[in-house]
Amino acid sequence: FSLIIFFFLYTVEMFSYGTECQKRSDEGVKNYANFFNEIDTIKSFNSIHQFDKKYQAFIAMPSFLIGSEKIGKESWGHIIDFSYQFSLATNLPMFNRMMSRSSWSQTFALSRFFASKYSNKDSIYKYCNTKPILIIKESNATLEEGEEYLIQNSQFLTAYKNWNLYSLDLN
């Protein structure tokens, strides 16, 4: 009798888990399509503004950085999704990253770059060339002090949907 109860509960549990997995799988197809539909729109936007030719990389704000297992800064909203879409559509690398195996020196340099207006930002310049950096800011996002400092020292370019784009000259 206990064996029957065990198999009954196991079957019920597996059925509910299977239903949840199927639901997520169905959502995945829709999410995948939405992700690439946005990329096509960004490619059209890029063909007008030529960001891939004018800029060396971009920074997404509010910033996010997972630089090692011990150092990181998370961000909320749609900035992470949009950053990956923008990078894929324009072939521009992004300063923000989510890699747990980054070197300590790169992680600390990026952390200081986003930190405050008083933090030493010179260490990031060794990774840069002479082209400016594109900043993509979520329009209604609240930024931290260091991020605001970067926006104040950049030039507004244009707006795209829920995003403001700026040019930051490092020279």
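A residue is called buried when its relative accessible area is under 20%, exposed when over 50%, and partly exposed in between, using a 1.4 Å probe and protein chains only. The structure is a predicted model, in which local features need pLDDT of at least 70 and side-chain atom pairs count only at pLDDT 80 or more, while totals for chains, interfaces and linings use all residues. Residues are numbered from 1 along each chain as its sequence is written, and side-chain values use heavy atoms, with hydrogens and water left out.

N91 has a phi near 65°, a positive value in a residue other than glycine. This residue sits in the loop between helix 3 and strand 4 (97-98); helices (H or I, at least four residues) and strands (E, at least two) are DSSP runs, numbered from the N terminus. N91 is exposed, with a relative accessibility of 66%. K161 also shows a positive phi without being glycine, here near 50°. Another loop, the one between strand 1 (57-61) and strand 2 (65-66), holds P62. The peptide bond that leads from M61 to P62 is cis, with omega near 5°.

Strand 1 itself is mostly covered, with 5 of its 5 residues buried. Both of its faces are covered: A57, I59 and M61 are buried on one side, F58 and A60 on the other. Strand 1 runs parallel to strand 5 (residues 133-138), and 5 bridges join them; two strands pair if DSSP finds at least two bridges between them. Within this pairing, I59 stands opposite I135 of strand 5.

The aromatic rings come next. A pair of aromatic rings is described by the distance of the centres and the angle of the planes. Rings of Phe, Tyr and Trp (its six-membered ring) pair if their centres lie within 6.5 Å; planes under 30 degrees apart count as stacked, over 60 as edge-to-face and the rest as tilted. By this rule there are 9 aromatic pairs. F51 and F86 make a tilted pair, 6.0 Å centre to centre with 50° between the planes. Because F51 belongs to helix 2 (residues 51-54) and F86 to helix 3 (residues 79-90), this pair ties together parts that are 35 residues apart in sequence. F51 is buried, with a relative accessible area of 2%, and F86 is buried too, at 1%. F86 also forms a tilted pair with F82, at 5.9 Å centre to centre and 40° between the planes. Both F82 and F86 lie in helix 3, 4 residues apart, about one turn of the helix. F82 has a relative accessible area of 4% and is buried. Ring pairs link a cluster made of F45, F51, Y55, F58, F82, F86, Y160 and W163.

Helix 3 also contains Q85, which is buried with a relative accessible area of 9%. Apart from neighbours within four places in sequence, Q85 is in contact (heavy atoms within 4.5 Å) with N34, F35, E38, I39 and I42.

Finally, helix 6 (residues 145-152) has G146, E147, L150 and I151 as its buried residues. These lie on the same side of helix 6 because they cover an arc of only 145° around the axis, the arc being that of the directions from the helix axis to the C-beta atoms.
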